[in-house]
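Please open the model in your viewer and keep the sequence beside it.

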Amino acid sequence: MKFKYTVCFLKQGNRILMLNREKAPIMGIWNGVGGKIEGNESPVQAALREVWEETGIRLNHFFSEGVVEWTTSNGSVDGIHVFLAVLDQSLDYPTPIKTREGILDWKKIDWILDANNLGIPEKVPHYLPFLLNDEGYHAFHYKAGGIIYEKSEDRE
């Protein structure tokens, strides 16, 4: 299924480049960069474009990717396309940086994965470990505060 949005995590060593958003719906929350899929873009094309637009970093590929889906309160299925890129250690990217979307800054992976961290979207600590540790495509369904995980080579 193709959803409307992407989120991309850019990893370098033991840290990930995060964006503290200044716009709804998750204003004040640290998250990966990303945004809306435009026109006939594939999720990968949209993710590559969003990374470039929001960070100035040009990527060729992702280490891992997938879809996180959930059932909304009205019973419909919603979701987001998720991506992880591994940046070369030689890339010098000093932060914090103020952008039109918010503030970019490096955050330690342990801080992001802390399930008690209220400064990040609640689903991130549940699916990000899979993206960090296993190259390829992943499918997740978020239910009752947890992730039902399925490793898959098929892109939906």
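Is F83 buried or exposed? F83 is buried, with a relative accessible area of 1%, where buried means under 20% relative accessible area with a 1.4 Å probe and protein chains only. This is a predicted model, in which local features need pLDDT of at least 70 and side-chain atom pairs count only at pLDDT 80 or more, while totals for chains, interfaces and linings use all residues. Residues are numbered from 1 along each chain as its sequence is written, and side-chain values use heavy atoms, with hydrogens and water left out.

F62 and F83 form a tilted aromatic pair, 4.7 Å centre to centre with 40 degrees between the planes; rings of Phe, Tyr and Trp (its six-membered ring) pair if their centres lie within 6.5 Å, and planes under 30 degrees apart count as stacked, over 60 as edge-to-face and the rest as tilted.

Next select Y93 and W106, whose ring centres are 6.3 Å apart with the planes at 90 degrees, so this pair is edge-to-face.

Finally, select L128, which, leaving aside its neighbours within four places in sequence, is in contact (heavy atoms within 4.5 Å) with F9, I16, L84, I112 and L113. Colour F9, Y127, F130 and F140 together, as they form one aromatic cluster.

Notes:
Buried < 20%, exposed > 50% of the residue type's maximum accessible area, 1.4 Å probe, protein only.
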